[in-house]
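Hi,

Please have a look at it first and then read on.

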Amino acid sequence: MVTHPRELLPEGAEEKRVAFETTLNEFMLRRRQQESQLLLQYRQSLAELRRTVQREGNYEGVISVDKALEEYVQSNLLGEPRESDIEELALLKRTMMQIREEQTTISARQIIAAAKKYTAVLDDLRKGYTQKGEMEVAGRISAELQRVKSIPIISESEAILAKSAGVGGAIALPGATMS
């Protein structure tokens with residue numbers, strides 16, 4: 001990751017950087033909260049499903065749900081549907097995974113939109129400083145563009161959006177060269 005001391009960016013760019021990083025942190029916090037809420041909902045749904053299949057006297061169902069509960073307790077993750085799952089459990093897992101995917105895609109779109117907005121501002125600044133012949137300042141702005149491109153949550157968001165679109169390529173941010 002390319003890093004440069006914040007004071008090296010030109011006047012006005014530091015405020016943009018702070019605003020951008022604050023926005024990213026808010027998106028990441030919201031995403032973690034959504035994930036926690038989804039896992040809690042999954043745990044509660046598993047417990048309710050277990051009570052339902054037990055009331056019905058469905059031995060295989062109880063065993064299947066107990067196994068899913070045990071996996072959840074051990075990993076704190078959503079389980080993948082399995083052939084051995086009862087129909088209701090498989091449906092619950094698919095539904096929760098779909099909700100997670102939708103939330104993740106929305107979050108990725110927001111992160112990429114914020115990154116594109118910030119890099120567009122930086123690209124305009126770099127162009128202005130280049131036109132004025134202030135190549136040192138333009139170079140620092142260019143380094144900031146590269147730093148933004150290397151932020152893990154941005155590359156992860158690009159991959160999520162590429163996958164959801166069924167595309168294998170990355171989404172290029174303005175001013176950031178692909179490496």
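A salt bridge here is a side-chain nitrogen of Lys or Arg within 4 Å of a carboxyl oxygen of Asp or Glu. By that definition, the structure holds 14 salt bridges.

Before the details, a word on the source: this is a predicted model, where local features need pLDDT of at least 70 and side-chain atom pairs count only at pLDDT 80 or more, while totals for chains, interfaces and linings use all residues. Residues are numbered from 1 along each chain as its sequence is written, and side-chain values use heavy atoms, with hydrogens and water left out.

One of the salt bridges joins arginine 147 and glutamate 21, at 2.9 Å from N to O. Arginine 147 sits in helix α4 (residues 135–149) and glutamate 21 in helix α1 (residues 13–55), 126 residues apart; helices are DSSP runs of H or I, at least four residues, numbered from the N terminus. Arginine 147 is buried, at 9% relative accessible area (buried means under 20%, exposed over 50%, partly exposed in between, with a 1.4 Å probe and protein chains only). Glutamate 21 is buried too, at 18%.

Next, arginine 100 pairs with glutamate 35 in a salt bridge, with 2.5 Å between the closest N and O atoms. Arginine 100 is partly exposed at 22%, whereas glutamate 35 is buried at 19%.

Enjoy exploring!

Key
Helices (H or I, at least four residues) and strands (E, at least two) are DSSP runs, numbered from the N terminus.
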